Structure formats: C-alpha cells, structure tokens
Amino acid sequence: MKEMAEVRELKANRYIIIDDEPCKILSITTSKPGKHGEAKARIEAIGVFDNQKRSVIYPVRHKVAVPIIDKRTAQVISVMGDKAQLMDLETYDTFEIEIPEELKDKIAEGKEVEYIQALGKRKITRA
C-alpha cells in the first residue's frame with residue numbers, strides 16, 4: 001500500500017518509494033528557484049529492505065509515492081538456519097522470513113519479535 005505526497009511535505013526519517021523500493025529518507029536539501037524554474041529538492045535515502053543508498057532530485061511540487069510501513073509483532077515458531085518461521089500476533093498468519101545478520105543470536109523459538117511490512121516485503125527489526 002502506498003499514498004501520494006508532495007516532495008516539500010517530506011522530512012528526514014520518513015519514507016519514500018524510489019525504484020519500487022521503500023526507502024528511509026536520510027536528508028533533503030532544496031535549491032533556490034531559478035529564473036525560469038522552480039525549487040528542486042535532492043533526497044538522499046537508504047533502502048529499508050536492501051540497505052542500498054539512493055538519491056533522486058525532484059521539483060518541490062512533484063508528487064511522489066510514500067509507502068505505508070506497517071510495524072507488527074510476531075512470535076518465533078521455529079528457527080531453520082538463517083530463516084525463521086513467525087506467527088503474527090494479531091492476524092495469526094504464519095510465514096518464513098530471513099533473519100538479519102545482527103539479530104541471529106537473539107532470535108529463539110517462543111520469543112517475540114518486531115517486524116515491518118511494506119509493498120509485500122517483510123523484515124525483522126527488533127528481537
């Protein structure tokens with residue numbers, strides 16, 4: 001799910017979709033309007049799921065897609081190598097998800113974890 005917003009409404013630590021990837025905005029810098037043009041904004045962002053840095057330049061009145069990031073809680077049902085099977089504590093959906101490198105030693109069966117969901121992708125954020 002996503003919604004539309006003007007570039008001038010965006011702020012650092014919010015989210016934007018760049019190249020069909022939800023990204024967290026690191027910084028926004030705007031230039032003064034030129035003689036015949038309008039002010040432009042340079043957005044530096046990092047991919048939420050792939051940690052890739054991206055930057056784009058848009059006019060400040062340009063409409064961009066903003067992802068709806070869903071923060072949820074789940075219980076770890078089982079751990080299989082670098083994947084975990086989780087059950088959402090609200091919807092009781094079960095799914096497999098890759099365990100991030102920095103959380104490998106913290107995830108165990110029966111524990112609760114926080115994960116985010118956006119544009120059909122999921123990622124564990126806290127264990």
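View 1. Arginine 54 is buried, at 13% relative accessibility (buried means under 20% relative accessible area, exposed over 50%, and partly exposed in between, with a 1.4 Å probe and protein chains only). The model is a predicted one, in which local features need pLDDT of at least 70 and side-chain atom pairs count only at pLDDT 80 or more, whereas totals for chains, interfaces and linings use all residues. Residues are numbered from 1 along each chain as its sequence is written, and side-chain values use heavy atoms, with hydrogens and water left out. Arginine 54 forms a salt bridge with aspartate 50, the closest N and O atoms being 2.9 Å apart (a salt bridge is a side-chain nitrogen of Lys or Arg within 4 Å of a carboxyl oxygen of Asp or Glu); aspartate 50 is partly exposed at 34% relative accessibility. A salt bridge, with an N to O distance of 3.8 Å, also joins the side chains of aspartate 19 and arginine 54. Aspartate 19 lies in the loop between strand E2 (15–18) and strand E3 (21–30) and arginine 54 in strand E5 (residues 53–59), so this pair ties together parts that are 35 residues apart in sequence (strands, E, of at least two residues, and helices, H or I, of at least four, are DSSP runs numbered from the N terminus). Aspartate 19 is exposed, with a relative accessible area of 64%.

View 2. Strand E10 (residues 112–118) is joined by 6 bridges to strand E7 (residues 70–80), the two running antiparallel, and alanine 74 stands opposite valine 113 in E10 (two strands pair if DSSP finds at least two bridges between them). E10 also pairs with strand E11 (residues 121–126) in the antiparallel sense, over 5 bridges, with alanine 118 opposite lysine 121 in E11. The hairpin formed by E10 and E11 has 2 residues between the strands, and leucine 119 in the turn has a positive phi of about 50°.

View 3. Glutamate 114 and arginine 126 form a salt bridge in which the closest N and O atoms are 3.6 Å apart. This pair links distant parts of the chain, with glutamate 114 in strand E10 and arginine 126 in strand E11, 12 residues apart. Glutamate 114 counts as partly exposed at 33% relative accessibility, whereas arginine 126 counts as exposed at 53%.

View 4. A search of the whole structure finds 10 salt bridges.
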